[in-house]
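Thank you all for coming; I would like to take a few minutes to walk through one model with you.

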Amino acid sequence: MDKIKGENMNDKLLKTLLDKVDGTKRMIDECLKLVTDRNSFVIFGAGVGGECLYKLLKTNHLESKIIGYSDNNSLKFNKSYMDENLIIIPPDELADRLGMNIDIIIASSAYIQIKQQLIDLGYPETKIHLYNFAFMNLSYTDCNFIYEHICDFQRAYDKMSDEKSRKIFVYLLNYKITKDMVYLEKMQEYVDD
């Protein structure tokens with residue numbers, strides 16, 4: 001098959017459906033600015049995402065602004081995480097221990113459910129910040145990976161027999177590239193319970 005600038009002609013279809021904005025850098029910059037501008041905050045997610053965020057903040061000398069963690073895993077409650085001074089606070093105890101004016105950064109892949117949980121607990125949306133650092137490699141972005149393996153993604157796309165699967169696939173790839181929540185919201189229209 002003909003090659004155009006090193007690409008297979010079939011690779012072009014999926015490329016036309018994908019966003020070109022690498023959202024990882026934008027998300028990191030936004031998160032670092034938020035943390036710099038705030039006095040202190042809690043990280044919700046004492047797992048892969050919370051660890052990744054902690055390491056990012058430590059690299060940028062901002063770890064002192066973290067005053068604790070929260071998580072829904074009761075096995076982790078009241079234990080230290082990432083630093084012996086950082087305790088994992090049960091979500092329903094955050095208000096009593098730290099007040100309702102604390103900023104909370106959700107660093108978990110379950111951020112939509114956690115955001116609603118925090119709103120239900122009385123936290124204002126302006127104090128809840130979503131940065132999904134779970135499963136993110138900060139030195140090599142999803143955007144780089146997807147475009148470097150576009151042939152593989154195109155093959156997977158081509159094997160999908162229905163439009164619903166293709167739309168979900170494209171929205172998911174676009175979310176991974178941009179980190180823009182709008183793609184997850186669009187995808188929800190097509191995902192069954």
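Predicted model: local features only at pLDDT ≥ 70, side-chain atom pairs only at ≥ 80, totals over all residues.

**A serine in the sheet, and what surrounds it**

Residues are numbered from 1 along each chain as its sequence is written, and side-chain values use heavy atoms, with hydrogens and water left out.

Serine 70 is found in strand β4, strands here being DSSP runs of E with at least two residues and helices runs of H or I with at least four, numbered from the N terminus. Leaving aside residues up to four places away in sequence, serine 70 touches Val42, Ile43, Phe44, Gly45, Ala46, Ile88, Ile89, Pro90, Pro91 and Leu94, a contact being heavy atoms within 4.5 Å.

Turning to the sheet, six strands form an open, mixed arrangement in the order β5-β6-β4-β3-β7-β8, and two strands are taken to pair if DSSP finds at least two bridges between them. At the edges are β5 (80–81) and β8 (128–130), each of which pairs on one side only. β5 pairs with β6, residues 83–89, in the antiparallel sense over two bridges, and there serine 80 stands opposite isoleucine 87 of β6. Helix α3, residues 48–59, packs on this sheet, touching β3 (41–44), β4 (66–70), β5, β6 and β7 (103–106), and its direction makes about 170° with that of β4; axes are lines fitted to C-alpha atoms, for helices over the stretch in contact, and angles run from 0 to 180 degrees between N-to-C directions.

How do helices α8 and α9 pack? Helix α8, residues 163–178, and helix α9, residues 181–188, pack at an angle of about 165°, with their axes 8 Å apart. α8 is therefore roughly antiparallel to α9, a term used for angles over 145 degrees. In this pair, Ile168, Tyr171, Leu172, Asn174, Tyr175 and Thr178 of α8 meet Met181, Tyr183, Leu184, Lys186 and Met187 of α9.

For the protein overall, there are nine helices and eight strands, and 41% of the 193 residues count as buried. Of the contacts with a separation of 6 or more, 64% are accounted for by residues 24 or more positions apart.

Notes
Buried < 20%, exposed > 50% of the residue type's maximum accessible area, 1.4 Å probe, protein only. Parallel < 35°, antiparallel > 145°, perpendicular 65-115°, else oblique.
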